[in-house]
Amino acid sequence: MYERPVEYGQPLPPHAAQTLMAELCFADPPALDARQILDAVRLARPDADLTEADGNLLITYGLLRNMYPDARSAPLLSAITRPIQDTEPRDLAHSRGWAQAADVLGRCRYSLLVTEFLGRDVDPRSRVEAHQAAVQAVIASTSPLATWWPGSQQAVPPEELAGDPLRGLINVRIFEDPDDPDVAVMDTLGMTQLGLADLQCHFRYLDRELMTGLLRNGARFLFEGGALDGAVRGFTQHQRWPVRPQAPLAGPDRPTLSIDPGGPFAVGTPG
């Protein structure tokens, strides 16, 4: 069941992007090979360097800088934590497309985090490139059974991440109306991490898979620097669906843009 609208907050300023984080999950504690990981990261980011501290790996990117008011700067950082024992359950309600997620995560007893720091002044595409390089390097070196993405509330098979830099970071969720099987709310979750607004739509009769593609494509368009200009194309070339800022229909509270598919598909407008 989807939640009632919450009060709409102000859109995020460009510097308010959140930390990118991926959790890699294992049946047995993995060994971190610092040299192998750095070599793999440098294939995508030649400006990367690595230091070790208490079993953790710290990767810095010399050409990606966070600026301070006094004109000082610090490089973007990917922190790879040493593995820890972890049996915390995850909410897999929105991990669509991976039927085996619960079974696979049930076999995992250890995890490590790949976390970005000091990325607020770096453009989203460069941030994602660096984060993906670190995540892919650790995956290649340690072969996790699963990945969990706290910012998008989803589990993703490791092998699905290589071809799509947004696969883990951005999720498309479905909230079915328990009183009307033709009605649903669908939204993206994860764009706020990049300082961008999420998309949502409250509709009836529309195909869920087509709406999933529309929302993913819209999120990718915004990520790549596009502007929606007040509307998106619907399922056909001639459909133009208005878009405007609205309160999120499902938590967490964050900036969201609502897509209005018009009659007979629209189900009211959020508060």
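## Helix α1

At the start of α1, the backbone nitrogen of R35 has a side-chain oxygen of D33 within 3.3 Å. This is a predicted model, in which local features need pLDDT of at least 70 and side-chain atom pairs count only at pLDDT 80 or more, while totals for chains, interfaces and linings use all residues. Residues are numbered from 1 along each chain as its sequence is written, and side-chain values use heavy atoms, with hydrogens and water left out.

Helix α1 spans residues 34–44, and its buried residues are A34, I37, L38 and V41 (buried: under 20% relative accessible area; exposed: over 50%; 1.4 Å probe, protein chains only). Viewed down the axis of α1, these buried residues fall within an arc of 95°, so they line one face of the helix; the arc is that of the directions from the helix axis to the C-beta atoms. An α-helix has 3.6 residues a turn, so residues three or four places apart point the same way. The exposed residues R35 and L43 are carried on the face of α1 turned away from its buried side. The buried residues of α1 pack against β2 (48–53), β3 (56–67), β4 (73–80) and α3. Helices (H or I, at least four residues) and strands (E, at least two) are DSSP runs, numbered from the N terminus.

## Nonpolar cores

The largest nonpolar core comprises 56 residues, and Y61 and M211 have the most contacts inside it (a core is a set of buried Ala, Val, Leu, Ile, Met, Phe, Trp, Tyr and Cys residues joined through side-chain atoms within 4.5 Å). Helix α3 (residues 124–142) gives the most to this core, with eight residues. A second, separate core has nine residues, among them C25, L105, C108 and A155.

Contact here means heavy atoms within 4.5 Å.

## The loop residue R90

R90 lies in the loop between β5 (84–85) and α2 (101–106). In sequence R90 and A101 are 11 residues apart, and their C-alpha atoms are 9.9 Å apart in space.

Leaving aside neighbours within four places in sequence, R90 is in contact with E23, C25, S111 and W148. The side chain of R90 also makes a polar contact with the side chain of D86 (2.6 Å); such a contact is a pair of N or O atoms within 3.5 Å, where within protein one must be able to donate a hydrogen and the other to accept it, and residues adjacent in sequence count only if both atoms are side-chain atoms.
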